[in-house]
Amino acid sequence: AAAPTEKIFDPRRLAPIESKMAAGDSDGAKKEADALIEKDPKDAKAWFYLGRINEKKGNLDEASVAYRMAFNLKDPEAKDAMNQVDLSRIQPFKTEAEKQEAAGNWVGAASSWKEATTVAPHLLMPLKKLIESMKKMGADSKDISKAMKKLSELEKE
């Protein structure tokens with residue numbers, strides 16, 4: 001029996017999205033990307049483009065979801081795009097956490113870093129800052145160990 005082969009996508013399928021994006025028609029481009037994804041949910045590049053379109057429109061949560069799909073489907077550009085969007089998405093939590101740290105409120109800081117890790121679970125920085133805050137506030141060592149285990153798993157990826 002022949003080994004299953006990777007599906008080969010026709011690169012021309014992206015032309016309608018690209019031309020609508022170039023023309024500044026993000027709604028039209030989104031319709032084209034949605035249609036490609038509906039036709040084949042495993043089309044990583046279509047998911048990547050959907051992420052780009054949502055990012056341009058300022059829909060960072062939707063962009064993150066689309067980039068994560070593209071990343072899971074092995075699109076080579078998706079990880080950097082996903083991390084970039086998620087850094088923007090955690091900005092309010094980061095600002096609040098840093099304000100709490102400056103005031104010596106480690107419980108408040110840990111709470112904000114925890115929210116940031118919920119929004120962007122694959123980013124290392126907020127998890128490292130969460131662990132640091134947990135140590136400074138004297139958190140339960142089991143909770144700290146759990147967070148450190150998660151960090152080492154993320155670092156391996």
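**Entry 1: the model and its elements.** I noted at the outset that this is a predicted model.

**Entry 2: overall dimensions.** I looked up the radius of gyration, which is 20 Å for the protein, whereas a compact globule of 157 residues would have a value near 15 Å. Along the principal axes, I read spans of about 55 × 45 × 20 Å for the C-alpha trace.

**Entry 3: burial, contacts and surface.** I found that 36% of the 157 residues count as buried, and that the accessible surface comes to about 9,500 Å², with 55% of this area belonging to carbon and sulfur atoms. I also looked at contacts between residues at least 6 apart in sequence, and 48% of these join residues at least 24 apart.

**Entry 4: charges.** I recorded 28 positive and 27 negative side chains, with the centres of the two sets lying 3 Å apart. For salt bridges, I noted a count of 16, and I went on to look at several of them one by one.

**Entry 5: Arg12 and Asp10.** I found a salt bridge between Arg12 and Asp10, whose closest N and O atoms are 2.8 Å apart. Arg12 is exposed, with a relative accessible area of 65%, while Asp10 is partly exposed at 34%.

**Entry 6: a pair in helix 8.** I looked up Lys136 and found that it forms a salt bridge with Glu132, the closest N and O atoms being 3.8 Å apart. The two residues are four apart in helix 8 (residues 124-137), which means that about one helical turn separates Lys136 from Glu132. I noted that Lys136 is partly exposed at 48% relative accessibility, and that Glu132 is also partly exposed, at 33%.

**Entry 7: a pair in helix 9.** I found a salt bridge between Lys149 and Glu153, with the closest N and O atoms 3.0 Å apart. Both residues lie in helix 9 (residues 141-156), where they are four residues apart, or about one turn of the helix. Lys149 counts as exposed because its relative accessible area is 53% and the cut-off for exposed is over 50%, whereas Glu153, at 39%, is partly exposed.

**Entry 8: a network.** Last, I looked at a group of four residues, and I recorded that Asp61, Arg68, Asp86 and Arg89 are linked in a network of salt bridges.

Conventions: Residues numbered from 1 in each chain as written. Predicted model: local features only at pLDDT ≥ 70, side-chain atom pairs only at ≥ 80, totals over all residues. Heavy atoms only, no water. Rg over C-alpha atoms; globule rule 2.2 N^0.38 Å. Buried < 20%, exposed > 50% of the residue type's maximum accessible area, 1.4 Å probe, protein only. Contact = heavy atoms within 4.5 Å. Areas by Shrake-Rupley, 256 points an atom, 1.4 Å probe, with all protein chains shown as cover. Lys, Arg positive; Asp, Glu negative; His and termini not counted. Charge placed at Lys NZ, Arg CZ, Asp CG, Glu CD. Salt bridge = Lys/Arg side-chain N within 4 Å of Asp/Glu carboxyl O.
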